[in-house]
Amino acid sequence: MEIDKTLKRLEEGLAHWNIALDKVQRERFRRLTQLLLEWNERLSLTSITEPERIAIEHYLDSVAPLAFNLIGEETAVVDVGTGAGFPGLPLAIMCPKVSFTLVDATRKKVTYLQSVCSELGLTNVEVVWGRAEELAHQKAFREGFDVAVARAFGALDIVWECTIPFVKIGGIAIAYKGPKVDEELEIGKLTAPLVGGKVETVHKFILPTSELRRTLVIARKVESTHHRFPRRPGIPEKRPLRSLIKDKNAA
Ligand code: SAH
């Protein structure tokens, strides 16, 4: 069956990182794949539908932080702009003792994610509908997480403004990037301090069993984020942090 190909490919990839799936995890990835493909016909959740590409480009890519020991046990993780649940859902399947908060601004995706969590029995996941710029100011969320993750959310400075406010001092934000990270890395390093972060590590790697190059950029939260950040919805993208730095230099 098609879904067996996804599972086989995922397990091959994970084996390169010395990670094995237990029975519950395997069953959850199987059911997740079914639901993703089923709902995708109505909701256009993803353009990636071939079984092996789902395994590598969604599942293996999502769990890459585990290969670098970036997510510990019994911590709290927020996934900002999770879309169809990436990287949040595969991470939540792999780490049942970690509590995950999946955030997305699109209602229909949130409905899908809630349905998936109940079907999979993922009790360690909460799904929240909203904009990062607003949620990050709410008491329940601000500086309330050990780790924030974001994939395909935008340039690094946009990612930092929308993730680092969620992170506790001492925690980290993880930006999932492709191969062409170098050109924005400088901006990423310069802007992280504006929201209390410091780029600490850049992990470049190839997704096992593929030729796909990926980068994880890690920013450590070193001080509290000023209450003006994140700015109002849409502003982090419209006037990204890099423009504040330029303004400062011009003044
Ligand atoms: N992380 C997923 C989806 C990336 S697409 C993946 O890698 O596959 C970006 C997603 O972020 C979309 O689902 C969009 O609805 C959501 N999004 C964009 N801006 C947002 C914001 N300010 N707050 C919350 N979600 C946002």
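The legends below describe the whole chain and several close-up views of a predicted model.

Residues are numbered from 1 along each chain as its sequence is written. In this predicted model, local features need pLDDT of at least 70 and side-chain atom pairs count only at pLDDT 80 or more, while totals for chains, interfaces and linings use all residues; side-chain values use heavy atoms, with hydrogens and water left out.

**Figure 1. Overall view of the protein, with 10 helices and seven strands.** Helices (H or I, at least four residues) and strands (E, at least two) are DSSP runs, numbered from the N terminus. The C-alpha atoms fill a box of roughly 65 × 35 × 35 Å along the principal axes. The radius of gyration is 18 Å, in agreement with the value near 18 Å for a compact globule of 251 residues; it is taken over C-alpha atoms, and the globule rule is 2.2 Å times the number of residues to the power 0.38. Of the 251 residues, 56% are buried (buried means under 20% relative accessible area, exposed over 50%, partly exposed in between; 1.4 Å probe, protein chains only).

**Figure 2. The hairpin of strands E6 and E7.** E6 (residues 197-206) and E7 (residues 213-221) run antiparallel and are joined by nine bridges; two strands pair if DSSP finds at least two bridges between them. Lys-198 has Arg-220 in E7 as its bridge partner. Six residues separate the two strands, and Thr-209 in the turn has a positive phi of about 65°.

Figure 3. Glu-11 counts as partly exposed because its relative accessible area is 28%. Leaving aside residues up to four places away in sequence, Glu-11 touches Leu-21 and Arg-26 (contact means heavy atoms within 4.5 Å). Ile-172 is 161 residues from Glu-11 in sequence and 27 Å away in space, C-alpha to C-alpha.

Figure 4. Pro-87 sits in the loop between strand E1 (76-80) and helix H4 (88-94).

**Figure 5. Positive phi at Asn-18 and at Ala-152.** Most residues other than glycine have a negative phi. Asn-18, with phi near 60°, lies in the loop between H1 and helix H2 (23-43). Its relative accessibility is 75%, so Asn-18 counts as exposed. Ala-152 has phi near 55° and is found between strand E4 (145-151) and helix H7 (156-163). Ala-152 also counts as exposed, because its relative accessibility is 77%.
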